[in-house]
Amino acid sequence: MAIEIHQLRFAVATADAKSFSRAAAALNVKQITLSRKVQQLEDRLGVKLFERSTRGAEITENGRPFIEQARRIITDVDNLRTTARNVSYGLQGRIAVGYCSPLMAGKLRLAISDYLTKFEDVQFDGIEAGLEKLFHGLHSHTIDVAVAPIGHREAGISSRRIWSERLFAAVPEDHALAQKDQIYWQDLRREVFVVPAGGLGPIFGNVIAARLTEQGKLPSVILQDTSLESVLSMVAAKRYISIATEASQGITWTDLRFIEIHDPTGPARLEYALYWREDNGNPALQRFFKLIEERYPG
C-alpha cells in the first residue's frame, strides 16, 4: 500500500495538536477516520509514530524525523497546487509588460487596466525596472513588451510610438514659483534638482541637462538611489525640486505643487514607445498591441 498525502497531513496535524481528537477537529474529519489512517501509516512504515494515552498522542523519538520530513513534503505539495492555480488562471496565455514610469495614474495605467478587464484569462505580469533591465528582459524573453521613453535602438528590437506625457516641476508649496500656473525651463536654471537613480530618473536628468546647460555649465542634478515617492518627499522637505510626469500626480501631495513646464512651442512632453522582440509571436502580446492601437491609434 502506497503512502497517501492525506495520511501525512493527518500525522503532522496529530503531532502539532498532540491529540487525535483535536487534529480531527482542525481538519474537519471524523476522529475514527483520522486515527485509522495514522495507524495504517504506522503499519506501512513499521514505525510507531505516537504514544497514545488518555492525555492525547505524543510523538515518539523514532517518529520525530519522519514527521519533519512529512511536513516538508506537505509544504512542497501545497506549493505545487499554488503554482498550478497560477498557471490555470492564465488559460489564454501570459504576457509580461515592463515599464519604468510609475502607475499612479496616466495612460499606461489606463491601458493596463483595460487589458486586465478585457482579457481576464490572460496571466498579466507587470515588471517595473530601469531601462537596462527592461531591455535585458526583452532579449532574454522574460519581458514581452516594454513601455519606455523613445530614442532607444537595439538590434532585433522593434518599437512604436504610443503617447506622450506632460512634464512638471515638483516644488515645495511655499517655493517662489509655486503660485505660477506654468513656467519655462529658464525659470529653473538656478535650481538644484533631485531625481531617482532608477526608473525615469536618468531620463529626467538628460532632459534637464539638454534644456539648462549654458556655456558648458551643467545644471545641478542629484541622483538618489531611492523611489520616486521618496524623492518627492525630499522635495517637500524644501531642499530641492524635481521633475515629474503627469502620471506622478495620481496621489495627493499636500506639501508640493506641480507646475507645468513649457518649451517655446508649447508644453514640455516626454514621448513614449512600445519595444518588443521582432521574433516574439506570443498571442497575448498581439492582443495587447490591438488594444493599444484601438486606444491610441497612430
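Two strands count as paired if DSSP finds at least two bridges between them. Helices (H or I, at least four residues) and strands (E, at least two) are DSSP runs, numbered from the N terminus. The model is predicted: local features need pLDDT of at least 70, side-chain atom pairs count only at pLDDT 80 or more, and totals for chains, interfaces and linings use all residues. Residues are numbered from 1 along each chain as its sequence is written, and side-chain values use heavy atoms, with hydrogens and water left out.

Strands β1 (residues 50-53) and β2 (residues 56-59) pair in the antiparallel sense over four bridges. Phe-50 has Ile-59 of β2 as its bridge partner. Two residues lie between β1 and β2 in this hairpin.

Helices α2 (residues 20-27) and α3 (residues 31-45) pack at about 110°, with axes 8 Å apart. Axes are lines fitted to C-alpha atoms, for helices over the stretch in contact; angles run from 0 to 180 degrees between N-to-C directions. Helix α2 is therefore roughly perpendicular to α3 (under 35 degrees is roughly parallel, over 145 roughly antiparallel, 65 to 115 roughly perpendicular, the rest oblique). Contact means heavy atoms within 4.5 Å. Phe-20, Ser-21, Ala-23, Ala-24 and Leu-27 of α2 meet Gln-31, Leu-34, Ser-35 and Val-38 of α3.

The axes of α5 (residues 106-118) and α9 (residues 283-295) come within 10 Å and cross at roughly 125°. These two helices, α5 and α9, are therefore oblique to each other. On the α5 side, the contact includes Leu-110, Asp-114 and Lys-118. Among the α9 residues are Arg-287, Phe-288 and Glu-294.
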